[in-house]
Amino acid sequence: MATSSITKNFIISGQEQVEMFADAVEASANDRTPRVPINVTYLQGADEILKFMEKRKKANVASE
């Protein structure tokens with residue numbers, strides 16, 4: 001896991017190493033995967049699940 005490396009001790013000495021470390025931290029902060037919005041429908045109860053499964057079954061038949 002990526003977080004396991006955070007628990008290691010490391011030493012940064014000298015202006016060049018400090019700048020390299022700061023640049024690496026900034027680069028990792030700027031290199032984030034954008035969030036993708038999704039639509040979610042929560043099914044509650046057997047009736048809603050059955051209706052959903054019927055829609056799914058009909059959609060699969062139509063695509064064949």
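1. Start with Phe10. At 55% relative accessibility, Phe10 counts as exposed, because the cut-off for exposed is over 50%. Phe10 sits in the segment before α1. Keep in mind that this is a predicted model.

2. Phe10 belongs to a nonpolar patch on the surface.

3. Phe21 is placed in helix α1. Its relative accessibility is 39%, so Phe21 counts as partly exposed. Which residues does Phe21 contact, leaving aside its neighbours within four places in sequence? The answer is Phe10 and Ile12. Find Phe10 in the segment before α1, then find Phe21 in helix α1, and you can see this contact in the model.

4. Now turn to charge. Four residues gather in a patch of negative charge on the surface: Glu16, Glu19, Asp23 and Glu26. Take Glu19 as the example. Glu19 is found in helix α1, which covers residues 15-30. Is Glu19 exposed, partly exposed or buried? At 43% relative accessibility, Glu19 counts as partly exposed. That value falls in this class because exposed needs over 50% and buried needs under 20%.

5. Move on to helix α2, residues 46-63. Side chains of opposite charge can pair when their charged atoms come close. Here the side chains of Lys57 and Glu54 meet in a salt bridge, at 3.8 Å from N to O. The pair qualifies because the rule asks for a nitrogen within 4 Å of a carboxyl oxygen. Lys57 and Glu54 are three residues apart in helix α2, so about one helical turn separates them. Glu54 has 41% relative accessibility and therefore counts as partly exposed.

6. How many salt bridges does the rule give? The count comes to one. The pair to look for is Lys57 with Glu54.

7. Step back to the whole protein. There are two helices and zero strands. How much of the protein is buried? Buried residues make up 0% of the 64 residues. The cut-off matters here, because buried means under 20% relative accessible area.

8. Finish with the surface. The accessible surface of the protein comes to about 6800 Å². Carbon and sulfur atoms account for 57% of that surface.

Notes: Residues are numbered from 1 along each chain as its sequence is written. This is a predicted model: local features need pLDDT of at least 70, side-chain atom pairs count only at pLDDT 80 or more; totals for chains, interfaces and linings use all residues. Side-chain values use heavy atoms; hydrogens and water are left out. Patches are made of residues with over 30% relative accessible area and no salt bridge: like charges are joined within 9 Å, nonpolar side chains (Val, Leu, Ile, Met, Phe, Trp, Tyr) within 5 Å. Accessible areas come from the Shrake-Rupley method with a 1.4 Å probe; for residues, only the protein chains shown count as cover. Lys and Arg count as positive and Asp and Glu as negative; His and the chain ends are not counted. The place of a charge is taken as NZ of Lys, CZ of Arg, CG of Asp or CD of Glu. Helices (H or I, at least four residues) and strands (E, at least two) are DSSP runs, numbered from the N terminus. Buried means under 20% relative accessible area, exposed over 50%, partly exposed in between (1.4 Å probe, protein chains only). Contact means heavy atoms within 4.5 Å.
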